[in-house]
Amino acid sequence: MNEYIIKTEGLGFTYSDGESDSLVREEIPALSDINLSVKRGEYLAVLGHNGSGKSTLAKLLNLILVPTVGKIYIDGVDVTAEDFDEDGVFDVRRKVGMVFQNPDNQLVATVVEEDVAFGPENLGLPREEIRRRVNSSLSMVGMQDYMRHAPHKLSGGQKQRVAIAGIIAMRPEVIIFDESTAMLDPMGRAEVISIMERLNREEGITVINITHYMEEAARAERVVVINDGRLTLDGIPREVFSEVELLHKIGLEAPQGTELVHRLRLAGINIEGSSLTEQECAEALINYLSGNRK
Amino acid sequence: MISDITLGQFFPGYSTLHKLDPRTKLILSVAFIVAVFFANSPVSFLGLLIGVLVLVKLSRISFSVVFKGIKPIIIILIFTALINVFLTDGAGEPLVDFWIIEIYTEGIVRAVFMALRVIILIIGTSILLTYTTSPIALTDGIESLLSPLKKIGVPVHTFAMMMSIALRFIPTLVEETEKIMNAQKSRGADFTSGGLIKRARALIPILIPLFVSSFKRAEELATAMECRCYRGDKNRTKLVKLEYKSRDYIWFCAVALFVTAIILLATLPYSIGYSGRLLEIIFYKI
C-alpha cells in the first residue's frame with residue numbers, strides 16, 4: 001500500500017492547436033509544474049476560477065488527457081511511463097472515478113439501474129456481483145426507490161446522485177468531482193456534498209472536489225488553489241482562506257464570513273479569531289461586540 | 001407538449017406478449033411476415049385475420065389504439081388499392097367498361113388482398129414488436145440475434161450501443177429543443193404563422209444551437225463512458241441477460257403451426273394433393 005494514492009511531479013499540460021478550450025490559439029500551457037500529493041482517504045478541494053486549469057488537472061489524473069511533461073503516480077504506479085499500456089489505463093480508471101458537471105451527459109442507459117450497472121458491466125463482473133453493487137450503490141446515494149425509473153424524469157440532484165452511484169459501483173479508491181455541483185440547485189448541491197462527505201468518512205474513499213464554490217472548499221480537509229495553471233496555495237482551509245488578499249488578486253473570494261471579517265479588519269475594526277464558517281464568523285462578531293461593550 | 005412523444009409507441013404492460021423474450025418476438029415477426037406474403041386465398045386471409053385478432057387480444061391493448069396505428073397509412077392504402085383496381089387486366093368480361101376505365105373482378109380481388117395484406121402486416125408487427133417491447137429490450141434482442149455476425153467483423157455491439165444511446169437522448173434533446181424554442185420565442189421568433197417555407201426557415205435558429213449542443217453532449221458522454229472503463233464489448237458482462245423461457249418455446253411452436261397452416265391454406269385451393277404446385281408458388285414468391 002502506497003501512502004499517496006495520487007502523486008504528481010512537475011506535471012504540465014499544453015493543449016495543442018485546435019484542442020484548446022480558449023479562443024486564443026496560442027500555446028499557453030493549461031497547467032505547469034504541478035506537484036501534488038494526495039493521501040489515501042483524504043478530502044481535498046481544488047479551487048480555481050474558470051480557465052484556471054483545474055478541470056484539465058482532473059482529466060490528467062484520469063488519463064483522459066496525457067500530460068505533456070511531468071509524472072503522475074497513481075497508487076505508486078507511474079502512469080506516464082513509456083510502457084504503460086491500455087490495460088493499465090483501464091486499471092487507473094477503475095481506481096479513479098470521475099463525476100462530471102452535467103448529469104445528463106454522463107448517464108448512458110434509459111433505466112437507472114442499468115446506468116449504474118454500466119461501469120461494473122465494463123469491468124466484466126459476474127451478473128450476481130453487478131446486481132449486488134447496483135443495489136448497494138443506489139442505497140448509498142438514497143436512490144434505491146428509483147431503480148426502474150427513467151433518468152430523464154429525475155431532478156438534477158437526483159440524476160447527479162445516480163451518476164455518483166454509477167461510479168461507486170465500480171468501487172474506486174478516489175472519486176474526482178469535476179464541478180459536479182455547478183449545475184444543481186441549492187438542494188441538489190447540498191445532497192451531492194453530503195454524499196461526497198459520507199463516502200469519504202464512511203467508505204474511506206479519497207474525495208477530490210473541484211469547485212469554484214468557496215463554501216464547499218471550506219468543508220474539505222485540505223484546499224489547493226490553482227491559478228493560471230499553477231498551484232498557488234496548498235493547505236488546510238483555515239490557512240488558505242486567511243490569504244484573502246492573494247485570493248482576491250487571482251479573482252477568487254474567501255467564504256462570506258471570512259470575507260466580512262477581513263473587510264471589517266481593513267476598516268480598522270480589530271476582530272479576533274477565525275471565521276471560516278458562518279457559525280465562527282457570528283461568534284467572532286459576538287465576541288468583538290460584547291468585548292467592546294465592557 | 002412535445003415531451004409527450006413516445007418513440008415507437010411502446011405501451012408498458014404485463015401481458016403474455018410483453019413478457020416474451022424480445023428475440024422470440026423478432027423471430028416470430030419475421031415468420032409472421034412470411035406467412036402474410038404467402039397468403040393469397042380468402043381462406044388464408046381469414047386465417048391471418050383471426051391470428052392477428054388473437055394477438056391483439058393477448059396483448060391487452062385496446063382495438064381503438066391499434067386502429068389508430070393504421071390511420072396514417074390509409075391514404076397510401078387507398079391509392080394502391082385504386083391502382084390495383086384500375087390497372088389489373090382480367091381474363092373475363094370487365095365489370096365496368098366506361099371510356100378508358102376497365103375494371104375486372106381480378107382487379108378488385110387483388111386490391112382487397114393487397115390492402116388486407118398491408119393492414120395485417122402492420123397490426124401484426126406492431127403488436128408483436130413496437131407496442132409490447134420496450135425500445136431498449138428491442139435493441140438488446142437485435143444485438144443478441146445479430147451477434148453471430150461479430151465473427152465476420154460486423155460491429156454489432158457498437159450499433160446496438162449507438163441505438164440505445166440515441167433512445168436515451170431523445171427525451172433530453174426534446175427537452176432541449178423546447179428550451180431553445182422558448183428562448184427564441186421570448187426574443188420574438190414566430191413558429192406558428194406563415195407558409196411552409198417561412199415555418200421551415202423559422203426552425204433554423206432552433207436546429208443550429210441544437211446541433212452544436214448535441215456535439216458537445218456527445219463528446220462529454222464519450223469522456224464519461226471512457227471514465228467508466230468502457231472499451232466496447234471487450235470482456236463486458238451484462239446485468240440483464242436474455243434467456244428463453246418455456247413461454248418462448250410454446251410461442252415458437254404455436255407460431256410455427258400457424259405459419260404452416262397459412263401456407264397450406266394458401267396453396268391448397270390451387271389443387272389439393274399436388275405438391276409440385278407448392279414448390280412452384282415458393283419459387284414464384286421468391
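**Group meeting talk: a predicted two-chain model**

Let's start with K179(B), which is exposed, with a relative accessible area of 61%. Exposed means over 50% relative accessible area, buried means under 20%, and partly exposed lies in between (1.4 Å probe, protein chains only). This is a predicted model, where local features need pLDDT of at least 70, side-chain atom pairs count only at pLDDT 80 or more, and totals for chains, interfaces and linings use all residues. Residues are numbered from 1 along each chain as its sequence is written, chains are lettered from A and ligands numbered from 1 in the order in which they are written, and side-chain values use heavy atoms, leaving out hydrogens and water.

Stay on chain B for a moment. K179(B) sits in helix α8 of chain B. Helices here are DSSP runs of H or I with at least four residues, strands are runs of E with at least two, and both are numbered from the N terminus.

Now S213(B). Where does S213(B) sit? In helix α9 of chain B, residues 196-227. S213(B) counts as buried because its relative accessibility is 16%. A polar atom of its side chain lies 3.3 Å from the backbone oxygen of L210(B). For scale, a polar contact is a pair of N or O atoms within 3.5 Å; within protein, one must be able to donate a hydrogen and the other to accept it, and residues adjacent in sequence count only if both atoms are side-chain atoms.

Helix α7 of chain B covers residues 135-146. Its 12 residues reach 16 Å from first C-alpha to last, close to the expected 16 Å. The expected span is 1.5 Å times one less than the number of residues. Buried in α7(B) are I136(B), L138(B), T139(B), G141(B) and E143(B). What do they pack against? They pack against α3 (112-122) of chain A, together with α2 (22-38), α6 (105-130) and α8 (156-186) of chain B. Contact means heavy atoms within 4.5 Å.

Over to chain A, and its sheet. Strands of a sheet pair through backbone hydrogen bonds, either parallel or antiparallel. Here, two strands pair if DSSP finds at least two bridges between them. Six strands form an open sheet in chain A, in the order β7-β8-β9-β4-β10-β11, with mixed pairing. β7 (96-99) and β11 (230-235) of chain A stand at the edges with a single partner strand each, so one side of each has no neighbour in the sheet. On average, neighbouring strands are turned by 20° against each other, direction ignored. Axes are lines fitted to C-alpha atoms, for helices over the stretch in contact, and angles run from 0 to 180 degrees between N-to-C directions.

Let's walk across. β7(A) and β8(A) run parallel, joined by four bridges. V99(A) stands opposite F177(A) in β8(A). Next, β8 (residues 174-178) and β9 (residues 206-211) of chain A pair in the parallel sense over five bridges. There, V174(A) faces T206(A), and D178(A) has I210(A) as its bridge partner.

Is β8(A) mostly covered or mostly open? Mostly covered: five of its five residues are buried. V174(A), I176(A) and D178(A) are on one side, with I175(A) and F177(A) on the other.

V223(A) has G235(A) as its bridge partner. Two residues lie between the strands of this hairpin, in which D228(A) takes a positive phi near 50°.

Helices pack here too. Helix α5 (residues 156-168) of chain A lies across β7 and β8 of chain A, at about 170° to β7(A).

Last topic: the core. A nonpolar core is a set of buried Ala, Val, Leu, Ile, Met, Phe, Trp, Tyr and Cys residues joined through side-chain atoms within 4.5 Å. The largest has 53 residues, and those touching the most other members include I164(A), I175(A) and V223(A). α5(A) gives the most to this core, with six residues. Apart from it lies another core of 35 residues, among them A30(A), L61(A), V89(A) and F100(A).
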